Amino acid sequence: MNPKENELHNLEEYYTEAFRPQFHFSPHAYWMNDPNGMVYFEGEYHLFYQYHPFDIIWGPMHWGHAVSHDLIHWEHLPTALFPDKNGMIFSGSAVVDHHDSSGFFKGGSGLVAIFTHADQYPGSGRPRQRQSIAFSVDRGRTWHMYEGNPVLSDEKYLDFRDPKVFWHEETNKWIMILAAGDHVRLYTSSNLKSWEFASSFGVDAGSHKGVWECPDLFKLPVAHSHDDKWVMIVSIGEDPAYPEGSRTQYFIGDFDGSTFRNENPNETVLWLDYGRDNYAGVTWSDLPAEDGRRIFIGWMSNWKYANNTPTNRWRSAMTLPRELKLKNTTKGVRLIQTPVAELSHLREEEMKLNDVIIHQSPDPIFSEINGKSFEIIAEFELDSASAFGFSLRKSKNEKTVIGYDVGKQELFIDRINSGDTSFNPYFPCKHTATLKPKQSRIKLHIFVDWSSVEVFANNGELAMTDLIFPNDTSEGLEVFALDGNVTLVSLQFYPLKSSWR
Ligand code: FRU
């Protein structure tokens, strides 16, 4: 963190560099990847992150740190964890040790971080990944490495990382889930220091189009039922063979404190997000029971081009924080994702429309609405149009299109002409996801920032997150209908304030 940080906060220019996200988290300077150690403690949401504090490309990993009271406005804090004799600090989690099971807190409570130490086996140069812990007695401001580190290692696995730890009420134990190449492994502990192997999952389940990374495991109620289900999130790394690059899948099932049982056939692959830029995401730990939410945040980039995106001084941002829920669908229980309600505090004056028939492309009703940072809530009723949607961040030569193809029943984002796409041949692309209309209607909840778009369709049934790098002057917004009409049943448009100034 720059020592002038607090002064800078007051300046009009703070966070106004080209492509700087206005209401997403991004580091003050330098490189960031995965979100880490998200935990709520004594009124603060903590967000740690994979951080290289000396350059804007990936390098020796530290944990950067920020705190927030509302998940929207963040205060940067000094770097929390530094590489030491056991290696770099890779991804991991943090928990509140409420009853001092670790013995670090003299009978009180405090924060324990559980992460991967990454170095090399002495002599051979073979990568070594082991799990370690650190603790903080001052609300995460300073951290002490446990002298008994590492607390878990296994020479069999080259990839052995990204521990996510949670307290399992029913068995009175800490559970750790970590990624081991082509599967996840589960361990249990009573004190966070010694860990026993419990089970493994996934060698033959889900997608294996990349190395498994950054797992998470948590229980959620299924809406409108008396059921709970367990959700396992698993990110899969970049493989040059696939244009999608790195992405995130999830499993639904049961967990008894030792073993996870997938309730879907092994071949079923469930994607958390159908865009290209939502990776390594996990959920907050220790949200108060009165709150009751399960909140997720992901790294809004893709290992295919993360090191090459056209920003200076800083690189990468997180997705919006999203609430996760479970819902019964005709295909089974599925995750629902909605942006956290706190985001509504950023709204400026609302512009509303109701029951407008869109029959031209572009329709002139939109001539007065434009912007670079805004939110749209729209409901369309299908009619004769073969496709409809929005073109945004538009200028003569640039546009990003969020649309619905009626015949194919597909939602799409087309960022082929979105702006600067030159840094990687896979970046300019159009991608799609199946989305069925509900009573002939499609609902889109869209967030546009200076370098991203996020779409939540049909009340969070489907999410699509994409980076874009448009010119600063590309501010046009249009609604379109192709080959016929569509009814815009309702539209709410809100310019969004910056959360950084
Ligand atoms: C995922 C990841 C993790 C690892 C970290 C290193 O993006 O590869 O598996 O811990 O990044 O920065």
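Predicted model: local features only at pLDDT ≥ 70, side-chain atom pairs only at ≥ 80, totals over all residues.
Residues are numbered from 1 along each chain as its sequence is written, and side-chain values use heavy atoms, with hydrogens and water left out.

**Stop 1: the ligand**

Select the ligand and the residues around it: Asn33, Asp34, Gln50, Trp58, Met61, Phe90, Ser91, Arg161, Asp162, Glu213, Tyr279 and Trp303. To be near, a residue needs a heavy atom within 4 Å. That shell splits into 5 nonpolar, 3 polar and 4 charged residues. Here Ala, Val, Leu, Ile, Met, Phe, Trp, Tyr, Cys and Pro count as nonpolar, Asp, Glu, Lys and Arg as charged, and the others, Gly among them, as polar.

Now show distances from the ligand's oxygen atoms. You'll find a polar side-chain atom of Asp34 at 2.7 Å, an N or O atom in the side chain of Trp303 at 2.8 Å, and a polar backbone atom of Ser91 at 3.1 Å. (A polar contact is a pair of N or O atoms within 3.5 Å; within protein, one must be able to donate a hydrogen and the other to accept it, and residues adjacent in sequence count only if both atoms are side-chain atoms.) On its own the ligand exposes 320 Å², and the protein buries 95% of that (Shrake-Rupley method, 1.4 Å probe).

Colour strand 1 (30-41), strand 5 (88-97) and strand 9 (161-168) next: each gives two or more residues to the shell. Strands are DSSP runs (E, at least two residues), numbered from the N terminus.

**Stop 2: the largest pocket**

Pick Trp167, Glu169, Asp286, Leu287 and Arg294, which lie nearest the centre of the largest pocket among its 37 lining residues. A pocket is an open set of points on a 1 Å grid over the protein atoms alone, with protein on both sides within 12 Å along at least five of seven lines; lining residues have an atom within 4 Å of a point. About 980 Å³ of space lies in this one, a volume being the space filled by probe spheres set on grid points joined across faces, edges and corners. Highlight strand 13 (212-221) too: with 6 residues, strand 13 gives the most to the lining.

**Stop 3: between the domains**

Colour domain 1 (3-9 + 23-341) and domain 2 (347-495): both give residues to the lining of the second largest pocket, so that pocket lies between them. The domain bounds come from an automatic or database domain assignment. The second largest pocket holds about 740 Å³ of space.

**Stop 4: the cavities**

A cavity is a set of points where a 1.4 Å probe fits but cannot get out, and the structure holds 2 of 30 Å³ or more. For the largest, select Trp314, Ser316, Ala317, Ser451 and Leu467, the closest to its centre of 13 lining residues. Domain 1 and domain 2 each supply at least three residues to that lining.

The second largest cavity is about 60 Å³. Residues lining it include Ser91 and Asp162, both of which you selected around the ligand.

Terms used:
Helix = DSSP H or I, 4+ residues; strand = E, 2+ residues; numbered from the N terminus.
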